[in-house]
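Please read the following points with the structure open beside you.

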Amino acid sequence: MSTALADAIERARPRSDLGARSPFAGLRRRHARTVDVVAQSVAATAPAGVLLVHPAAAYARSGSFAFLDIAITITLVVGVALVIGMFARRIASTGSLYTFAARGLGPHAGLLAGAALGIGYLAVAVNTLSSGSARIASLLSGQEAPPWLVMTLVVGFGAVIAVVVARGLRMSTRILFVLEAIAVVTVLGLSIAALSLTRWDVALLVPRATDFSLDAIITGVAFALIGFVGFESGAALGPETRRPFAAVPRAIMVSVGATGVVMLVGTAAQLSIVADRPGAASLSAVTGLSRLTDLIVALSFLACALAMTNAATRIAFAMSREGLLPAAFGRVSRRGVPAAAGAMLAAAVTAVPVAVLAWGGSRQDMRVVTSPASILGFVLAYALVCAAAPAFLRRIGELTVRGAVLCIVPLAGLLCILCFYLAATVRDNLPGLLWATGILAAVVAAGCARIARHPGVGARIGVHDWPTDADCLDGPARS
């Protein structure tokens, strides 16, 4: 016996007033699940790899305030995630923050946010691909790896990233989920073992007044933010996700919460070791499992490179459909995947470290540019989205005092971090900052010229997914 719902569906007719095509026509829509969005966001932050690399450096920067820096950073990231959720509950677009900023502040601000975010994604992908490959090369050679072996692995892993992105969203996110889950569980086990060695003496994490320095704390927060950038990348999967207005905001908050917990536990363990045993500055030094930890870092970083390339591919797809980038970035394969864009971006991410190493440079030479490019890109994109949210909510008549406060507080924090970071980078790495800002300025200038020559492009910036006739049913046909 058919139910009333089934009977109503059977007698319904397709809608004919919504249009036959979405702006993202050809993309395989509404097939991914919440777990795919979570996997994308978590892998982009690379919590396992970051935990095994960053805490000792954070302690060197902020002393006993390093753990507090992590807590402040988590609070800031939660604030930004709440702002992103304001958009994600109303808009689904592969452009993610780029589209959100454009909807609130207009096409030029959207262009700046998109360029900054895209450069941030690619800079982190270059860093993590080269670092992961170098660690694998060292494990294979048993010593400092020769450049030719690192370049070979970079090319090999770059090709794998291109193939996985081209095979489809669910394949890439499930691989990310497995790799990062294994890495995180292993790191948490090592962290708990390390805390046991220090007899769970959390007093070692309490800030000491003698270490207080506002500059060091804010710089430490900017450094800690590196461990969270990419958490928003799941928003780029909105059009491909089932029930995106519910799944994407929930998945982003779950990702932030899970990454925050892992970061707190792991950082507590590492900082306890550093504070208690200054000569043993890492989990690998205490446990004696240096090869295992190098393997974990490598897997986590390679998963991050895949996740960042995946996110950059979606932004390029959105920009192409709007006319800002060549049409090739907006084409989809028979699987409904922007495979060509993924292959081109994976090739670019691969080419940079190979070129640097081939010219006799090192990963550190590359990081002179990629590090400021990633921090500048992500912080600027987050700040623009926080500034765009009140304008967007006011335009649609949904701005409240609570919503405005939720936007202003993280915006103030991000601007403070950006100012301190720029001042520190001018002092310590001016050439790298000039290169990063030059690349960003060139991309934005090219986009502005495109908008000026083709007014229709500016009108299309900020386009988002919408239901089509095939997605909806009208009421029963009336005679």
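1. Asp428 counts as exposed, at 59% relative accessibility. The term denotes a side-chain nitrogen of Lys or Arg within 4 Å of a carboxyl oxygen of Asp or Glu.

2. A note on the basis of these values: the model is predicted, so that local features need pLDDT of at least 70 and side-chain atom pairs count only at pLDDT 80 or more, whereas totals for chains, interfaces and linings use all residues. Residues are numbered from 1 along each chain as its sequence is written, and side-chain values use heavy atoms, with hydrogens and water left out.

3. How many salt bridges does a search of the whole structure find? The search finds 4. Side chains of opposite charge can pair when their charged atoms come close.

4. One of these pairs is Arg90 with Glu398, whose closest N and O atoms are 2.6 Å apart. Arg90 lies in the loop between α5 (66–88) and α6 (97–105), and Glu398 in the loop between α15 (363–395) and α16 (401–428), so the pair ties together parts that are 308 residues apart in sequence. The helices named here are DSSP runs (H or I, at least four residues), numbered from the N terminus. Arg90 is partly exposed at 31% relative accessibility, and Glu398 is partly exposed at 37%.

5. Arg314 and Glu240 form another salt bridge, with 3.0 Å from N to O. This pair links distant parts of the chain, 74 residues apart: Arg314 belongs to helix α13 (residues 290–322), and Glu240 to the loop between α10 (214–225) and α11 (244–276). Are these residues buried or exposed? Arg314 is buried, with a relative accessible area of 1%, and Glu240 is buried, also at 1%.

6. The second largest pocket holds about 670 Å³ of space. A pocket is an open set of points on a 1 Å grid over the protein atoms alone, where a 1.4 Å probe fits, with protein on both sides within 12 Å along at least five of seven lines; lining residues have an atom within 4 Å of a point. The lining comprises 29 residues, and Gly118, Ile119, Leu122, Ile439 and Val443 lie nearest the centre. Helix α7 gives the most to this lining, with 8 residues.

How values were computed:
Helices (H or I, at least four residues) and strands (E, at least two) are DSSP runs, numbered from the N terminus. Buried means under 20% relative accessible area, exposed over 50%, partly exposed in between (1.4 Å probe, protein chains only). Grid points are joined across faces, edges and corners, and a volume is the space filled by probe spheres set on the points.
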